[in-house]
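Dear colleague,

I am passing on the structure below, and I would be glad if you could look through it alongside the notes that follow it.

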Amino acid sequence: AEGWTRRFTADGQRAEEAIALYRELGYEVHTEPVSMNEQIDLCGACQTGIAAGFKTIYTRKRRS
């Protein structure tokens, strides 16, 4: 929606590095906590642990 493209999901430091890189490349960046629906192939305990620290990264070109 509104021109956002889902890029990928990462945790902690990797997410922060990617966010900084996308901003340097001229993108707006939006993140959201991982939805349990995105990790359907994992057990419940794994889903809870992963979702606690992971972010899904979305970008779009900066609007002038």
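The notes below go from the chain as a whole to its sheet and then to a helix.

This is a predicted model, in which local features need pLDDT of at least 70 and side-chain atom pairs count only at pLDDT 80 or more, whereas totals for chains, interfaces and linings use all residues. Residues are numbered from 1 along each chain as its sequence is written, and side-chain values use heavy atoms, with hydrogens and water left out.

The protein chain holds two helices and three strands, arranged from the N terminus as β-α-β-α-β; helices (H or I, at least four residues) and strands (E, at least two) are DSSP runs, numbered from the N terminus. Of its 64 residues, 25% are buried, meaning under 20% relative accessible area with a 1.4 Å probe, protein chains only.

The three strands form an open sheet in the order β1-β3-β2, with antiparallel pairing, where two strands pair if DSSP finds at least two bridges between them. β1 (5-11) and β2 (27-33) are at the edges with a single partner strand each, so that one side of each has no neighbour in the sheet. β1 pairs with β3 (residues 54-61) over six bridges, and F8 has I57 in β3 as its bridge partner.

Helix α1 (residues 12-24) lies across β1, β2 and β3 and runs at about 145° to β1; axes here are lines fitted to C-alpha atoms, for helices over the stretch in contact (heavy atoms within 4.5 Å), and angles run from 0 to 180 degrees between N-to-C directions.

Methods: Buried < 20%, exposed > 50% of the residue type's maximum accessible area, 1.4 Å probe, protein only.
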